[in-house]
Structure formats: structure tokens, C-alpha cells
Amino acid sequence: MKKHPTMLVLFCLLVIPSYFWAQSNSNELKPVTRTYALTQATVVTEPGKMIEGATVIIKDGLILAIGKNVKIPIDAQVVKADSMYIYAGFIEGLSHTGIPKAEPQQGGPQQAPQVKDPGSPPNNLAGITPEKRLAEALKAKDKSVADMRKLGFTAANVVPNGQMLPGQGALIMLHGDNADKMILKDNTSFFSKLSGARRMYPATVIAVIAKWRELYRQAELAQTHEKAYKKSPSGMTRPSYDPVLQAFYPIINKEQSVFFKATDVKSAYRVLSLQKEFDLPLVIAELKQGWHVADELSKRKIPVLISMDLPEDKEGKGDKQKGGKKEDKKEEAKDDDPFKAEREALMKRKMKSLKEHWANAAQLEKAGVTFGFSTLDVKSKDVKGNLRKMIENGLSEEAALAALTTVPAKMLGVSDMLGSVATGKIANLVVTDKPYFEEKSNVRYVFVEGNKYEFEAKKPSKKGDPNAKVSVAGKWSYNFEAMGQEMDGILELVDNGGEISGSITNTAMDSKNDIDSAELNGNELSFSIKIDGGGQTVTVEYNLVIDGDSMEGTVSAGQFGTFDLEGERISNPDK
């Protein structure tokens, strides 16, 4: 089999299972050069500062030079970035990027581990594993790494999944073929949640807080004992060296911050109470209702990681209030409706709540709170739209950029390496064809430690309507172009009372593939397929908009790219 080191062949690996074995047993080709010259761009060196018409030189993973008249090395690959914008690579303040989603337990979600004494269970079953290192859970090839990198993120403070104390966080680079190569800085965060264990202690929020206090005080005593024993062991009992308690030592010594997930106002106040009691070095993470505690956070100088997960305006009322054309006559209350006043009052309360959540970041900016962004709960496809939603509701673009770059770099103690575009820093960069926060901007290049990723600009596509009613059943023909090669195929869909199933083929497949996770939201259809071969499994995602008997959208093959797809229905069982 003849192999060509091109993106097309890499993409074909996703649709021709027989290629998997050869790929898994071949050596990864290194780039011809690791020196790049990005020319004639607007370089946003840090929030509020930029150089127009500048060139950035990258060499051996570092930023070698920035300026208008820099000399381009003879071995540099020139990237013509005329009219483009260069930013420091974005940093996820707290995330699960690279952590595979947990598989459902046998017996269903309500099944809990069996323990002899639910009042005093083993720590690992109770969700108390603060000593756990991220490298144990991190998977370099997890799809989330490519998804976030495509948005401009180049580094992430990643924490394990779990309950009360899931484990230690680490700052990773979104590039590399194994966990150890990806980790830039270990033990960056002591991750904590108010999530209780199931059917065992600590099961409630109050119990979690009580257990937290207990562990902290035990750790103080244990550390004191260890220090005294090390100084003069004569006549003293040997310390137990409990790894759970030892994980608290950097917190006690103010050498590490507690990144405490607290989404709502009640949780935030509970965490603030713990902080005051123990004088914790604290970062409140995934905060969704910060406007309620903004003044307290500002007064106590508590940094925050705002959730990038925003509630949706599913009924489109926000569009109506802004003067949009969206209408839904079915939702209009009739004049003789006895509940009209109540419905209108309820809708006003809903819109007030939505606006408060959308303006959460703006309120914290106004109060002078230091904040970055947490991506624990958000879907990657919603990140950019939610950023725009925050800006539309009062967040300044300068503060938004700082929350993506300089603030998390400072929080994590890596400002000398990341967070701004400066000579000598790691070459983590994102290059866009328009200012990043503009609605139609596209990420064209991302550099992670000088490793280049290139992306195609997306063409304008039809927008989905969550209120539309469409039929998807039938046989559809479709085509898309992947790196200059046309792919044609057939998609067969069955609608069984709202449950969508079916199969798909194309010219590169030798058999049908069943579709997974099919979901129809208005006229937006999404599903995925899994390609197996050579011991590897790759997920390919389809996101389509249905308009009568036509469809258009994208097929995404992770790090291999996203491609525009068009199709039409060739048979309809409903007609």
C-alpha cells in the first residue's frame, strides 16, 4: 500500500478501516522545518496592545522575534498572514479536555458501589482522591483536545473527573502523543467540588463541607507530626504518611490554590465560608451566578473562573426584544386567555434570568473581580457563540481576551511562558482572518509550542431553527470535498416517534455504518459514526440543517479537519 503524508490520506483513515493498521505501525513524519515567519499581520501582543503590519518569527517552539522590520531566517516557512490577526494562544482556566467521558456503570446510573460501612467508606469510593495525578487519566488522542485547539485554545488547566476531591490538576499543552509530553506544569490546582458520594458518607453538601474541614485539620496535625519527626524522631511514633492528607500540605503552606467548583450563589457563599475559616488560597471555578457575590469577591480579592456554559433562549424571546424578525405565533397568548397575564409575567422572569446569566461576566468586570474562563460544563461547539453572547451583554472585548490569555497565565504561575505574544515565550499562537470576537471570524492557524495546525475558513451556512418542524426520514444522497477529493454517499434515516436511527455509506467505505447519538433539534440534525480498525476507534461527527428535501452542514473528523456537506432526499417514505 502506497502511503502519502498528506491530510487527505490522514482523513481517509477515518473512512477506510483497512488503513488503520498501517498508520498505527508507521512513524510520525516530522515537519521539514520548525521555523516559521508569519508576515504582515496585526499582532495583538496582549489585551489592549497591538502592532500592525508586523512579522512574528517562530523557531524551535519559541517566539524568536516580533516587529515590522525583522529579518526572516533562510530556513523559515513563510505564512502569509496579510490582514490576519495574531493572538497569544488561549488557556482554559479549568477543564476536562483530554479526559475521556466516564462510561455508564452497569446496572444504570442509580447503582452505587457496595461497601460494608456506608458511614465510613474507603476514600476512593467516597470520591476522596486528592493525591491522584492527572497523568493517570489524561488521554492525548481524546477528541476534546482537537476540538478545543480548533477554537484557538493551546493550553489547559485540566483536572480529573470525580466527586468531592477528584485529584490534582496540571497545565497541559494541546499537542503531544502522550500525557507526560503534554504536561507543562504538574500539580497546578487542588480540585474540589461540593458533590457528595452516592449512598455513603459524605452524601450531602453539608456532609462534604464537614468532611473537608475534618481532612484539612487532620492534614495540619499530620504535617506538624512529620516535621517534628524529621527534626528529632527519638521517642516519637513514626508518621503514617497518608497520601490523602499529604495532598493538603501545599494548600496549608499556601503553595497551591484550591480550585473549587461552585456554580450557583449558595455554593459560592459556602466555599467563601471555608476560605475565610482556613485562609485558603482560593479560585472559585465554573461560577454561573457571580453577580450575586461580585462585591464580596472584589472586596476579598478572590479570583474567579466564569463558566462558559450559558443557558439558551430556546423560545427566541431575546431575539424579539432586540428587534429581530423571529416570530412564533403559536406562543402568542390569545386575548381571551385567562392565564395571559401569568404567562407574560413568567416570560418576563425567564428573560430576566437569562439576561442576568448572559451579563454575569460583565457584572464581575464592573465590580473589578479578576476572572478567567472555565470550560468544565460547556460544549466546544458553543464556546465562541457564548463568548459573543457575553460581549453583547456588556463584557468588554479587552476583558474577554484577558480572561482567555493573561489572567489564566498569571493564575497558574506561567506568565513568563504563556499568555502574551513576546520574544522568548513559548510559541502558542492563534491566527484569525478577522478580529477573533467578530461573528464571522475564522481560526486559520494555531501553533502549539511551534507545531502548526491549519484550518479552512468556513463558508456561511444556513442557520438552524429550534422551533422548525421537519421530516428527516428517507434516503438522502450527499457529497463533500476532503482535501480536493469528492466524497459521495447515501444516508438512510428512520424516524420512530422522534427516535432517529439509520446508516451511512460513501465512496470510500466498503460497508454501511450505523449512526450513533442521532438528535433532531428543530431542523438541526446531528449524529456520529465510529470507524474501527487496527485496534483504533475514531468518531466522525455530522451536523446538518434540513430544509425540505435538501440538507447542508459539516462533517468533522477531529484533528483532520471539518468539511462542508450538501445533500438531497432521493426517496421519502412519507410521500
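1. Starting with Thr-35: this residue sits in strand β1, residues 35-46. Strands here are DSSP E runs of at least two residues, helices H or I runs of at least four, numbered from the N terminus. At 2% relative accessibility, Thr-35 counts as buried (under 20% relative accessible area, 1.4 Å probe, protein chains only).

2. A word on what we're looking at. The model is predicted, so local features need pLDDT of at least 70 and side-chain atom pairs pLDDT 80 or more, while totals for chains, interfaces and linings use all residues. Residues are numbered from 1 along each chain as its sequence is written, and side-chain values use heavy atoms, leaving out hydrogens and water.

3. Back to Thr-35 and its surroundings. Beyond four places in sequence, its contacts (heavy atoms within 4.5 Å) are Ile-58, Lys-59, Pro-73, Asp-75, Ala-76 and Gln-77. With Asp-75 there is also a side-chain polar contact of 3.5 Å.

4. Now the whole protein chain. It has 15 helices and 25 strands, and 47% of its 575 residues count as buried. Take the contacts between residues at least 6 apart in sequence: 63% of these join residues at least 24 apart.

5. Residues making the contact include Trp-212 and Tyr-216 of α5 and Leu-274 and Phe-278 of α8.

How values were computed: Buried means under 20% relative accessible area, exposed over 50%, partly exposed in between (1.4 Å probe, protein chains only). A polar contact is a pair of N or O atoms within 3.5 Å; within protein, one must be able to donate a hydrogen and the other to accept it, and residues adjacent in sequence count only if both atoms are side-chain atoms.
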